[in-house]
Amino acid sequence: MSNTHKPNTHKPNTQSDGLDVCDLRASIGSRRILSGVSFQAPTGAVTGLLGPNGAGKTTVLRACLGLVPELSGVITLNGTALADLSIKDRARRIAYLPQGSVVHWPITVENLVALGRLPHGQRPAHLQDVMAIDAAIQAADVAHLRERPVTHLSGGERTRVLLARALATDADILFADEPVAMLDPLHVLTVMDVFAKLAASGKTVVVVLHDLALAVRYCHHAVLINNGATVTEGPPMDVLSDVNLRQVYGVSLVGTIDATRFEVSPP
Amino acid sequence: MIQDLRLILGLSLTLVVVTVAALAIGSASIPFDDVILALCGQGDPSIVAIIQEIRLPRVLVGGLMGAALALSGAALQGLLRNPLADPGVIGISSSAAFGAVAALFLGFAGLSIWVLPMSAIAAALLATILLSILAGRDASILTLILAGVALSSFATAMTSLLINLSPNPFAMSEIVLWLLGSLNNRSMLDLLIAFPFVLCGVILLSTVGRGLDALTLGEDTAATLGVDLRSLRRRVVFGVAFCVGASVAVAGAVGFIGLIIPHIIRPFVAHGPSRVLLPSALAGAILVIVADLAIRTIPAAQELKLGVVTAVIGAPFFFHLLIKTRRAMR
């Protein structure tokens, strides 16, 4: 797996492809949540956003989605500042898979995935919409659940359905917040493979992960965040060095980080 | 979607049939042919008078009110993502009633025919805004219902205060009877007063479907799907206030329509928050016209009030829904 590492300039680079986040700062009330987060997420790569609980990973994602009020800093996507995009444009270019899986009405899986097409304006009558929905359902491996009400699914099934929803938008960039937390080993691989394929097709993927071995295996680029600030970014193996692990997570590594790994077994 | 069209068509046909039946049936039964003739102003002048001046306004006001209340309920439930959010249950109707009673009590209602509905709408608006603030961003069912109870009790208390202070027993009984909710003696003028406001409300609520669909995934995801949440919230709140305020202004406080109807419709439209809107409006109109027809034809010493009948049926239904929802939430 090649690492598309770019130098950590910490300046808004309007020429760059992919996501460029520069000096994000945000507070909720008097509490400082982000105090200087900068990183890049290159196009065609899976970027892992890593860090301990409460580091500010989710806030970084929400900031990139325009969901954090009173935010300072510059976020550019493929050379365009997000602040300059209209709500509609942003919705078409950015997809979000939030943590947890709240669905408020017992709608069917297919109807839920179709919600991903809302930013494109038309009801799913257009061929393009139907194809995007189909492709997303296949990619997330939920075709067999198509007609089931979402509220009757297990947590893991629902996560994959919500992933299909995010994929259906066919955005330039996908932000996923701990997407594999509730999944069994096979579906962890399924979902991470979806991200890898998405990146290979020229999209940008930013994913919050807690499984560091998974990050080493699947991410081309890693960003380590602690206490609301970037510690370092670069190739995952470098970012997750012994020193950083000890400092940020308070753990030390026994053996090598990706010594145990699962593969999809042949049928 | 074909399925939705079929449902809408079926409900529309039923609405027409029910309307004609409500015109024909009453203390004096009028044959179908004569009803149609009378609608065109032909035939026996006494029949024309009964149809055009007594029964037609009553049926139209009832249909309009039923549609407005059911649509409001469906939209509010979509916004708050809560099947128990009915304008009656959460105190919007009683606030509107308070607005109307205040206008009556203070004598402003006599200034212009528009004062009463405007006052009801203003109170409904205030209540809806207050409620969305009280219930907060992520309104749990419990918070919402409790906020509604608080609001409803306050509005009822203020209304009671006005009744208590009313100068003569005649005015008092007038207010109390009006509060019970009835379509008795409605005229074309009532329809004329309510219609523009309900129309405004319906137009506002007809724009919120996509936003409500997106809200199925919660507020954050809805925002990332390109929904302007503030605008959506404002449109629902104003739309509901117009619909409920105008309904209460012409027919008193009739509750539970917005609770029962969307609940019945939802399974037929695969629970889609936008798909439930139009069929709910049609079914709401049907329900109120049928309920009013039943009230007119059931022999009783005193004519039953529409608001009383919907409450007697609606409150146990509310219990049923509450138990069901609570089980689902666990």
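What radius of gyration does chain A have, and what would a compact globule with 267 residues have? I looked that up before anything else. Chain A has 18 Å, and a compact globule with 267 residues would have a radius near 18 Å, so the two agree. The radius is taken over C-alpha atoms, and the globule rule is 2.2 Å times the number of residues to the power 0.38.

**Ground rules**

I'm working on a predicted model, where local features need pLDDT of at least 70 and side-chain atom pairs count only at pLDDT 80 or more, while totals for chains, interfaces and linings use all residues. Residues are numbered from 1 along each chain as its sequence is written, and chains are lettered from A and ligands numbered from 1 in the order in which they are written.

I checked the scores next. The predictor gives the complex an ipTM of 0.87 and a pTM of 0.89. Chain B averages a pLDDT (the predictor's confidence in each residue, from 0 to 100) of 88, and 97% of its residues score at least 70.

**Chain A, overall**

I found nine helices and 10 strands in chain A. These are DSSP runs numbered from the N terminus: helices are H or I with at least four residues, strands are E with at least two. The C-alpha trace of chain A spans about 50 × 45 × 35 Å along its principal axes.

Of the 267 residues in chain A, 46% are buried. Buried means that 20 or more other C-beta atoms lie within 10 Å of the residue's own; exposed means 12 or fewer, partly exposed is in between, and the C-beta atoms are placed from the backbone.

I also looked at contacts, meaning pairs of residues whose C-beta atoms, placed from the backbone, lie within 7 Å. Taking contacts in chain A between residues at least 6 apart in sequence, 68% join residues at least 24 apart.

**The six-strand sheet**

In what order do the strands of the open sheet in chain A come? I read 6-7-8-3-9-10, six strands with mixed pairing. Two strands pair if DSSP finds at least two bridges between them. Strand 6 and strand 10 (229-234) of chain A are at the edges with a single partner strand each, so one side of each has no neighbour in the sheet. From one strand to the next, the twist averages 15°. Angles run from 0 to 180 degrees between N-to-C directions, with axes as lines fitted to C-alpha atoms, for helices over the stretch in contact.

I zoomed in on strand 6. Four bridges link strand 6 of chain A to strand 7 (residues 173-177) of chain A in the parallel sense, and Ile94(A) stands opposite Ile173(A) in strand 7. Helix 5 (residues 155-168) of chain A packs on the sheet and touches strand 6 and strand 7, with its direction at about 175° to that of strand 6. Helix 1 (residues 57-64) of chain A lies across strand 3 (46-50), strand 7, strand 8 (204-208) and strand 9 (221-226), running at about 150° to strand 7.

**Strands 1, 4 and 5**

Strand 1 (residues 19-28) and strand 4 (residues 71-77) of chain A run antiparallel and are joined by six bridges. Ala26(A) stands opposite Leu71(A) in strand 4. Strand 4 of chain A also runs antiparallel to strand 5 (residues 80-81), with two bridges, and Leu77(A) stands opposite Thr80(A). Strand 4 and strand 5 of chain A make a hairpin with two residues between them, and Asn78(A) in the turn has a positive phi of about 50°.

**Where the chains touch**

How many residues does each chain give to the contact? I get 19 from chain A and 18 from chain B. Helix 2 of chain A gives the most to the side of chain A that touches chain B, with three residues. By class, that side of chain A has 15 nonpolar, three polar and one charged residues. Ala, Val, Leu, Ile, Met, Phe, Trp, Tyr, Cys and Pro count as nonpolar, Asp, Glu, Lys and Arg as charged, and the others, Gly among them, as polar.

**Chain B**

I see 14 helices and zero strands in chain B. Chain B has a radius of gyration of 20 Å, which agrees with the value near 20 Å for a compact globule with 330 residues. Buried residues make up 52% of chain B.

My last stop was Asp44(B), in the loop between helix 2 (32-39) and helix 3 (45-80) of chain B. Asp44(B) counts as partly exposed because it has 13 C-beta neighbours inside 10 Å.

Definitions and conventions: Two residues are in contact if their C-beta atoms, placed from the backbone, lie within 7 Å.
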